[in-house]
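Please consult the sequence and the model while reading.

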Amino acid sequence: MCALVVRGAFDAHVVPACEAAGGRLAIDWAPTTVIMERIAAGASADAVLVLSDAMDRLVAEGRVEAQDRVAVARSRYGIAVRAGAPPPEIGSVEALKATLTGARSVAYSRTGASGIWFAGLLSRLAIAEAVNARATIIPQGFTAEKLVSGEADLAVQQISELMVVSGIEVVGPFPDPVQEETEFWAAPMRGRGAAAARFLASLTTPEAAQAYRASGLTPAF
């Protein structure tokens with residue numbers, strides 16, 4: 001079970017490398033919040049990749065051994081537009097507020113880490129009512145797809161998740177005063193065998209680090 005944040009790097013490197021070595025990956029892609037709900041309801045997997053605080057909870061619950069977890073990548077939040085659209089100004093907090101309140105519709109995810117963070121940011125900036133009145137809020141998945149479909153003209157998500165979608169352009173990260181960096185960890189679930197350990201080892205190779213950087217992430221190892 002794997003958070004969407006690494007989808008680009010997995011598609012480009014991790015999955016092909018696993019298959020080239022004779023392995024096979026069956027990945028259940030979902031936001032960390034959904035993964036945690038599924039685990040609480042009894043779901044299991046050989047390995048999980050989730051936000052660091054969620055991994056801490058899995059350790060506390062005895063589902064993961066603390067010594068087995070590895071830091072994989074760090075991510076930042078950003079904004080994208082449809083390819084060819086004029087890039088809006090987001091270089092300062094005031095410019096960001098004007099861009100968000102002036103947009104026809106902003107797409108963000110209800111259950112993803114980015115959507116939860118963005119909803120809180122809107123409240124802190126005192127623009128939640130104005131933005132949400134026209135927002136395109138999806139249950140989960142890639143918000144930039146709503147740019148391609150024409151349902152929104154701005155998409156908010158982890159930069160690496162925005163980059164997965166073709167036909168869009170990432171404008172850039174949120175300005176530093178309101179930016180937040182998230183870290184993702186992976187671990188085998190308790191009692192899993194050598195295959196899970198081999199998978200974890202493949203996530204921290206130099207080749208994997210290169211794939212993370214190419215997909216908008218920062219390696220965390």
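A pocket is an open set of grid points with protein on both sides within 12 Å along at least five of seven lines, and its lining residues are those with an atom within 4 Å of a point. The model described here is predicted. Its largest pocket has a volume of about 550 Å³, and its second largest pocket one of about 230 Å³.

**Largest pocket**

- A total of 23 residues line the largest pocket, and Cys18, Arg24, Leu25, Ala195 and Phe199 lie nearest its centre.
- Two or more lining residues come from each of α1 (7–20), β1 (47–51) and α9 (194–202).
- Helix α9 provides the largest share of this lining, with five residues.
- By class, the lining of the largest pocket comprises 17 nonpolar, three polar and three charged residues.

**Second largest pocket**

- The second largest pocket is lined by 15 residues; those nearest its centre are Thr32, Leu51, Asp53, Ala113 and Thr182.
- The elements α2 (32–40), α3 (52–60), α5 (113–124) and β7 (181–188) each give two or more residues to the lining of the second largest pocket.
- In the second largest pocket, the largest share of the lining, four residues, belongs to α3.
- The lining of the second largest pocket consists of five nonpolar, six polar and four charged residues.

Key. Residues numbered from 1 in each chain as written. Predicted model: local features only at pLDDT ≥ 70, side-chain atom pairs only at ≥ 80, totals over all residues. Heavy atoms only, no water. 1 Å grid on protein atoms, 1.4 Å probe; cavity = no way out; pocket = protein on both sides within 12 Å on 5 of 7 lines; lining within 4 Å. Points joined across faces, edges and corners; volume = space filled by probe spheres on them. Nonpolar A, V, L, I, M, F, W, Y, C, P; charged D, E, K, R; others polar.
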